Amino acid sequence: MSADDENTGSTSAGNTGSTSTGNIEHAEDIEHAEDIDVLVLGGAGVDTIVYVPELPLPYADSYMIDSGIRARAGQTGDFVALGLTALGLRTHHLDFLGDDPEGDLVRALHRDKKIALTAVPQPAGTKRAVNLVGPDGRRLSLYDNSRGRPDDRFPEDTLRRLAAASRHAHVSITHPGAEALPVLREAGVGISTDLHNWDGENPYHEAFAYEADVVFVSVTALTDPETTMRRIAERGRAEVVVATAGAKGAYLLTDGELTHVPAAVPPGPVVDSNGAGDAFASAFLFGRLGGEPPHRCAEYGALAGAYACTVPATESAALSREALLARAAATGR
C-alpha cells in the first residue's frame, strides 16, 4: 500500500502515536520553513529495477539479465517532489527514512536535485520495491510492506509547521498520510492525492478520496471509472477528479462535467511507464497553482507523463518548466 540542500543540524521533535524516536533530519528547515508551494507527504523509497524479456514473466528456474539489476532512489513521493521542483515550485518532502543504504540513496537524490527533505527516523528501514519492466515499458511492482508500521505518525509539531508554510499538500496513500489529513485541513492548505491502485471499493482509500481537493486515480483497477469519479466528487471535497488511462489519455471531472484529455505524443521511444502518473500529477499541480483552468492543467499533465515514459527506470529525470511550456506551445495545448 506504500506505494516515498542537505543540512547537518538536527533537534528532537515531539511525537504523536508511535512515531519513531530519534532526531529529525534537517530540522532547521522546519524552524525556518516559509513560502513552500507544495508539501509532499510520504512516498520516499528505493526501487530495484529489473528489465525482463516479457510481462507476465513465464516461470523458469532463472533468467539472465544482461542490462543489469540496479537500485535507485525514487518512489511516488520522490518523483512528485522531483517533478514539482523541476517545474520551479518550492517543494518540501516529509517522510520516514531508515538509517540504511537505501535511506542514503533517497537523501542523495534530494540533495542532488535540491529538494528540501525532512526525514523522520524509521527503525524498520527505508521503503523499497522491485520493479519488473517489460520491453514495452509496462511494469510490475513488488512492494516490501515490512518497512513501515500501521501506527506510524508524522510528528505533529513538524507537520503543523510545514503545513502552515505551504500553499498545497500532496499526500501519498500511506498510513501516516491518512492521519495527517485533519491537520492539513485545519491548516487550510489545498490537498491532492493519487489513488493509483484503488479498485473503487477498498475502504482504506476513502479517507484520501473524500478529503482531497484534487484526486488522481488510474483506470487500471477500476471496473467503472466514471462512477468512481462521480462518487468521489459527490461524497467528498474534490473540485477536480482525474483518471489517467495511459496511452488513452485521461478523463477529467469538474463541475459535474466529464471530459477526455488525449494523450500527448512522447518525445522519444517509450522505455518505461514508471513515474508517468507522478509526472502527470506534478504538472497538473503546477498548472493549478499557477491559476490555469483544469483542462489546461490536465494537458500539462499529459505532456509531462509522456516525457516520463521516455526516461529509463534506472534514471531520475523530470520535465523542466521551460520544456513543458515550450511543448505546450508547440502542440497547441
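## A cavity, a buried helix and some aromatic rings

Let's start inside the protein: the lining of the largest cavity is made up of 14 nonpolar, four polar and four charged residues. Please keep in mind as you read that this is a predicted model.

The largest cavity has a volume of about 210 Å³. Its lining counts 22 residues, and those nearest the centre of the cavity are Gly 275, Ala 279, Ala 308, Ala 317 and Ala 318. Which helices each supply at least two residues of this lining? They are α2 (76-86), α8 and α9. Helix α8 gives the most, with four residues.

### Helix α9 and what covers it

Helix α9 covers residues 294-308, and its 15 residues should span 21 Å at 1.5 Å a residue. The C-alpha atoms at its ends are 21 Å apart, so the model agrees with that expectation. Is α9 largely enclosed or largely open? Twelve of its 15 residues are buried, so the rest of the structure largely encloses this helix. Buried here means under 20% relative accessible area.

From C-alpha to C-alpha, Arg 327 and Leu 303 are 7.5 Å apart in space, although 24 residues separate them in sequence. Is Arg 327 buried, partly exposed or exposed? With a relative accessible area of 27%, Arg 327 is partly exposed.

### Aromatic pairs

The structure holds five aromatic pairs. Two of them are set out here.

| Pair | Centre to centre | Angle between planes | Class |
|---|---|---|---|
| Tyr 204 and Phe 208 | 5.7 Å | 45° | tilted |
| Phe 286 and Tyr 300 | 5.9 Å | 40° | tilted |

Why does the pair of Phe 286 and Tyr 300 tie together parts that are 14 residues apart in sequence? Phe 286 belongs to helix α8 and Tyr 300 to helix α9, so the pair links these two parts. Phe 286 has 8% relative accessibility and therefore counts as buried. Tyr 300 is buried too, with a relative accessible area of 5%. In the other pair of the table, Tyr 204 and Phe 208 are both buried. There is also one aromatic cluster to look for, formed by Phe 216, Phe 280 and Phe 284.

### A residue at the surface

Where is Thr 223 found? Thr 223 sits in the loop between β12 (214-218) and α7 (225-235). At 80% relative accessibility, Thr 223 counts as exposed, because exposed means over 50%. Thr 223 and Gly 200 are 23 residues apart in sequence, and their C-alpha atoms are 8.1 Å apart in space.

Note on methods
Residues numbered from 1 in each chain as written. Predicted model: local features only at pLDDT ≥ 70, side-chain atom pairs only at ≥ 80, totals over all residues. Heavy atoms only, no water. Expected span 1.5 Å × (residues − 1). Buried < 20%, exposed > 50% of the residue type's maximum accessible area, 1.4 Å probe, protein only. 1 Å grid on protein atoms, 1.4 Å probe; cavity = no way out; pocket = protein on both sides within 12 Å on 5 of 7 lines; lining within 4 Å. Points joined across faces, edges and corners; volume = space filled by probe spheres on them. Nonpolar A, V, L, I, M, F, W, Y, C, P; charged D, E, K, R; others polar. Phe/Tyr/Trp six-rings, centres within 6.5 Å; stacked < 30°, edge-to-face > 60°.
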